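Okay, everyone, thanks for coming.

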Amino acid sequence: MNEREKFLFDLQGFLAVKDILTPEEVDALNAAVDANLNKQVEDDNSATGDSKTLAGTHKRGMFSGMLSWPKPWCQPFRDIIVHQKAIPYLDAIHGRGWRLDHSPFILTSDPGTEGLLLHGATNHHFFGAAYHIYTNGQMRCGMVVLQYQLADVEEGDGGLCVIPGSHKANFPCPQEIREWEANQEIVYNVPAKAGDMIIFNEATIHGTLPWKNHERKRRSLLVRYSPKYLHYAGGYYDVTFPEWVDELTEAQRALLEPPYIYNRPLIEEDGETVVRPRVEY
Ligand SMILES: O=C(O)CCC(=O)C(=O)O
C-alpha cells in the first residue's frame, strides 16, 4: 500500500484499487458463479426502510457458501481469501494478523433491484468492531470489506455507494441521508472495472444504490476481514471451524484461526509462508 493509497484510505474511509485481479482470475470466478446460478437467492437482510429512492421491484441477489461449493468451483474463492496482492493492504490497515470475519458472499443486481439503507459506525461513539484510528504513523481499523468487482460498474449504475470521509463523522447520520432522500450529492457510487478491488471500512457510511443500468448486471464478491483480536459477525463456527479445513493451505488455515494474539500464525507477503512469533504488536 503506497503513500498515496494510505492517504486516500485514511481520508476517505475507502479506496479503489485497479486491476488487482488478472482477467484469468476474473474469468475463473465468473465461471464458478455461472456454473452455480441455481444457488442464487434473494438477500433477505437487505432493507430500504421508508425510502422511496432506494426502493425497487425486487431485492438484491446473493450467493454464499462458495468456499464449500463442489470442486473445482470452490477453488477460485479459496484462492482469493489470501490473495497476495491484497496482503499489503490488510497489513497496513490491520497490522500483521488479520482474519476472515465471515464467509465471503456475492451480490448481484439487475434493473429494478432495490438498494440498501446507508449504514456505518462512523466516529460518533467508539464502536470496537468498526472504527478507524491513526497513531504514530499507523492507521488501524475494525472490520473492513474487500469488494472484488466481477463485472464493470459505472458511476450511476447503482450498487456500492459510500459517503467519503464519514468514518470520521462525529454526529449520527440523519435518517433522510441514510435513506438517500436528502443530500444525494455527498453519496458516491464507486465506479470500477471487473478485476478492480474496493476496500472500505465498516465504519464508513455505505450502502447499495438501486441498479439502473439495463446493459449490464452487477456481480460483486465481498470478503470481510477483521484484525486478529476481533470477530464481528455471526456464523463464527461455520467460518472458523469448517469441515473442509484440511483441504486448505497453511496460509488459508491461518486466516480461519479464532481471534487471539499469542503464537498466532501470521501470513507473510508471499501469501504462503506462515510464521508464529510469540507476540507481534
Ligand atoms: O456493496 C454493497 O452494495 C454494500 C454492501 C453492504 O453494505 C452490505 O451488504 O451490508
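One term before we start: when I say two things pack or are in contact, I mean heavy atoms within 4.5 Å. Now, this is a predicted model, where local features need pLDDT of at least 70, side-chain atom pairs count only at pLDDT 80 or more, and totals for chains, interfaces and linings use all residues. Residues are numbered from 1 along each chain as its sequence is written, and side-chain values use heavy atoms, with hydrogens and water left out.

So, helix H2, residues 23-34. Helices here are DSSP runs of H or I, at least four residues, and strands are runs of E, at least two, numbered from the N terminus. Which residues of H2 are buried, meaning under 20% relative accessible area? They're Val-26, Leu-29, Asn-30, Ala-32 and Val-33. Seen down the helix axis, they fall within an arc of 155 degrees (taken from the directions from the axis to the C-beta atoms), so they line one face of H2. What do they pack against? That's S3, helix H3 (75-81), S4 and S13. On the other side of H2, Pro-23, Glu-24 and Asp-27 are exposed, which is over 50% on that scale.

Some of those strands come back when we turn to the lining of the largest pocket: S3 (61-64), S4 (98-109) and S13 (218-227) are among the strands that each supply at least two residues. S4 gives the largest share, four residues. By class, that lining has seven nonpolar, 12 polar and seven charged residues. Nonpolar is Ala, Val, Leu, Ile, Met, Phe, Trp, Tyr, Cys and Pro; charged is Asp, Glu, Lys and Arg; the others, Gly among them, are polar.

Technical notes:
The expected span of a helix is 1.5 Å times one less than its number of residues. Buried means under 20% relative accessible area, exposed over 50%, partly exposed in between (1.4 Å probe, protein chains only).
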